[in-house]
Amino acid sequence: MGGPGPGGQRGKITPGGWVLRGLALFAVSLISGLLWLVVRPGGDEEAAPPPEPQTQHDFQPVHREEAFQGCQQVSTDRIQEFFGDSECEHLTRALYTTTLPDGERALTSVVTVLMPDEATARSLDELTTRDGTGNIRDLVDDGRAGTEEMPPLGDRAYGSERQGRLVVIGDSAYFDQDTPRKDPTLLQVTQDALNLGQKQDDQ
């Protein structure tokens, strides 16, 4: 009895052939996976919201305003003149309350000013820190609705910093007692509140 003819040998796959096929399929899967990683849509890390500002105090927002009329209209003296030459791109003004460890309540104003470039932002930050140059009025100064019972701020616990093109300006005052000029506790509150600036501007 003879074995299978030559035609019968063509349909058989040797063990080595199966190994080669498996390796080929693995290579195709690996390449496909790598290509998907390259061209896939943005992942969860891109869709995630920006992290919350890290602050030592619990700041509760009570009022926020986006000033579409520009910065010059809500400024005074030399700062107003500055904006006449270099108007800001975006302005927000907000008020926050916080309760201090001793139970005293404080009001804090945070103003964000987005300038066209870092050079003008630096110039603005330097100007705002000098005495007698004017101010960007906070919402209490402007007498916005709901601020009638809030304490005036008056630059007694002033602070500012530049974050790239963004200048963040803060000021704080006590609700139930007079605010001494450069009160150490309130200066710390103001400095802490400056961390709210980027999120406030982004909103």
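A residue counts as buried when its relative accessible area is under 20%, as exposed when that area is over 50%, and as partly exposed in between, with a 1.4 Å probe and protein chains only. At 16% relative accessibility, Thr120 therefore counts as buried.

The model described here is predicted, so that local features need pLDDT of at least 70 and side-chain atom pairs count only at pLDDT 80 or more, while totals for chains, interfaces and linings use all residues. Residues are numbered from 1 along each chain as its sequence is written, and side-chain values use heavy atoms, with hydrogens and water left out.

## Overall architecture

The protein chain contains 7 helices and 5 strands. Helices (H or I, at least four residues) and strands (E, at least two) are DSSP runs, numbered from the N terminus. Along the sequence, these elements follow the pattern α-α-α-β-α-β-β-α-β-β-α-α. The protein chain has 203 residues, and 37% of them count as buried. A contact means heavy atoms within 4.5 Å. Among contacts between residues at least 6 apart in sequence, 71% join residues at least 24 apart.

Helix H5 spans residues 118-128, and its buried residues are Thr120, Ala121, Leu124, Asp125, Leu127 and Thr128. These residues lie on the same side of H5, because they cover an arc of only 165° around the axis. The arc is that of the directions from the helix axis to the C-beta atoms. The buried residues of H5 pack against helix H4 (77-85), S3, strand S4 (159-163) and strand S5 (166-174).

The N-terminal end of H5 is capped by Asp117, which has a side-chain oxygen 3.2 Å from the backbone nitrogen of Ala119. A polar contact is a pair of N or O atoms within 3.5 Å; within protein, one must be able to donate a hydrogen and the other to accept it, and residues adjacent in sequence count only if both atoms are side-chain atoms.

Thr120 belongs to helix H5. When residues up to four places away in sequence are not counted, Thr120 touches Phe82, Ser86 and Met115.

Val113 is part of strand S3, which covers residues 105-114. Its relative accessible area is 0%, and Val113 is therefore buried. Leaving aside residues up to four places away in sequence, Val113 touches Cys71, Phe83, Cys88, His90, Leu91, Leu124, Ile136, Arg165, Leu166 and Val167.

Gln73 is located in the loop between S1 and H4. Its relative accessibility is 52%, so Gln73 counts as exposed. Gln73 and Gly84 are 11 residues apart in sequence, and their C-alpha atoms are 9.5 Å apart in space.

## Pockets and cavity

Grid points are joined across faces, edges and corners, and a volume is the space filled by probe spheres set on the points. In the table, Ala, Val, Leu, Ile, Met, Phe, Trp, Tyr, Cys and Pro count as nonpolar, Asp, Glu, Lys and Arg as charged, and the others, Gly among them, as polar.

| Space | Volume | Lining by class |
|---|---|---|
| Largest pocket | About 290 Å³ | 5 nonpolar, 6 polar and 6 charged residues |
| Second largest pocket | About 200 Å³ | 6 nonpolar, 5 polar and 4 charged residues |
| Largest cavity | About 90 Å³ | 4 nonpolar, 4 polar and 3 charged residues |

The lining of the largest pocket consists of 17 residues, and those nearest its centre are Thr128, Arg130, Asp131, Asp155 and Tyr158. The second largest pocket is lined by 15 residues, with Pro53, Phe59, Tyr96, Leu196 and Lys199 closest to its centre. Strand S1 (60-66), strand S2 (90-99) and helix H7 (197-202) each supply at least two residues of the lining of this second largest pocket. The largest share, 3 residues, comes from S1.

A search of the whole structure finds 1 cavity of 30 Å³ or more. The residues lining the largest cavity are Ser109, Val111, Asn135, Ile136, Asp138, Gly154, Asp155, Tyr158, Ile169, Gly170 and Asp171. S3 and S5 are the elements that give two or more residues to this lining, and S5 provides the largest share, 3 residues.

Notes:
On a 1 Å grid over the protein atoms alone, a cavity is a set of points where a 1.4 Å probe fits but cannot get out, and a pocket is an open set with protein on both sides within 12 Å along at least five of seven lines; lining residues have an atom within 4 Å of a point.
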